[in-house]
Amino acid sequence: MKIKLLTAGLFFLGGVISTHAQTGAVRVKVPFEFEIANKHLPAGEYVVTSDHDQVWLRVYRGNTVAVVQSNHGVHDGGKTGKVVFNCYEKLCFLSQLWLPDADGAREILTSKSEKQAARHGEPQQFALLAKPMRLADTN
């Protein structure tokens, strides 16, 4: 009985992982410098993924550069992903991740740096379309 339950659980987990792998990442080309997790990053191509309450950012075909906490967000459930930035004059901060599935929206928690920048005015938001990827293709 325990073996049957364990086997059933592994099949279920495999289904969840393969579903997540199909829609769990987006690739985006960011044409400006930005900040995430108090790190200043250059313009470039990045892969953004979400795993429960965390958003992972890595250089495309490179290393992970940031992992940040996030809250569940809401979006239209379009077929492409989006990455949204809040920009204050010349400072831009990664703000939201929209994965292709409707449940894949994440709002990144506001950093101290962004809170300080927000004291000087409202942000201008920039949304960049992102290419959906399977997690297996992110290496």
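Predicted model: local features only at pLDDT ≥ 70, side-chain atom pairs only at ≥ 80, totals over all residues.
**View 1. The disulfide between C87 and C92.** The sulfur atoms of C87 and C92 lie 2.1 Å apart, and the two residues form a disulfide. A search of the whole structure turns up one such link. The angle about the S-S bond is 115°, which goes with a right-handed link between C87 and C92. Both ends can be judged against the cut-off for burial, under 20% relative accessible area. C87 counts as buried because its relative accessibility is 4%. C92 likewise counts as buried, since its relative accessibility is 9%.

**View 2. Strand β10 beside strand β7.** Here we follow C87 to its partner across the strands. Strand β7 covers residues 81-88 and pairs with β10 in the antiparallel sense, with seven bridges between them. Look for Q124 in β10: this residue is the bridge partner of C87.

**View 3. Strand β10 beside strand β1.** Staying with β10, we turn to its pairing with β1. Strand β1 spans residues 25-30 and strand β10 spans residues 124-133; the two run antiparallel and are joined by three bridges. To find your place, pick out V26, which stands opposite P132 in β10.

**View 4. Q96 and its surroundings.** Q96 sits in strand β8, made up of residues 91-98. With a relative accessible area of 15%, Q96 falls under the 20% cut-off and is therefore buried. Its side chain makes a polar contact of 2.9 Å with the side chain of W98. Once neighbours within four places in sequence are set aside, Q96 is in contact with K82, V83, V84, R106, E107 and Q125.

**View 5. The whole chain, for orientation.** Stepping back, the protein chain has two helices and ten strands. Reading from the N terminus, its elements follow the order α-β-β-β-β-β-β-β-β-β-α-β. The protein chain has 139 residues, and 39% of them count as buried. Of the contacts between residues at least 6 apart in sequence, 59% join residues at least 24 apart. The accessible surface of the protein chain comes to about 8800 Å², and carbon and sulfur atoms account for 56% of that surface.

Terms used
Residues numbered from 1 in each chain as written. Heavy atoms only, no water. Pairing = 2+ DSSP bridges. Helix = DSSP H or I, 4+ residues; strand = E, 2+ residues; numbered from the N terminus. Disulfide = S-S within 2.5 Å. Buried < 20%, exposed > 50% of the residue type's maximum accessible area, 1.4 Å probe, protein only. Polar contact = N/O pair within 3.5 Å; in protein donor to acceptor, adjacent residues only side chain to side chain. Contact = heavy atoms within 4.5 Å. Areas by Shrake-Rupley, 256 points an atom, 1.4 Å probe, with all protein chains shown as cover.
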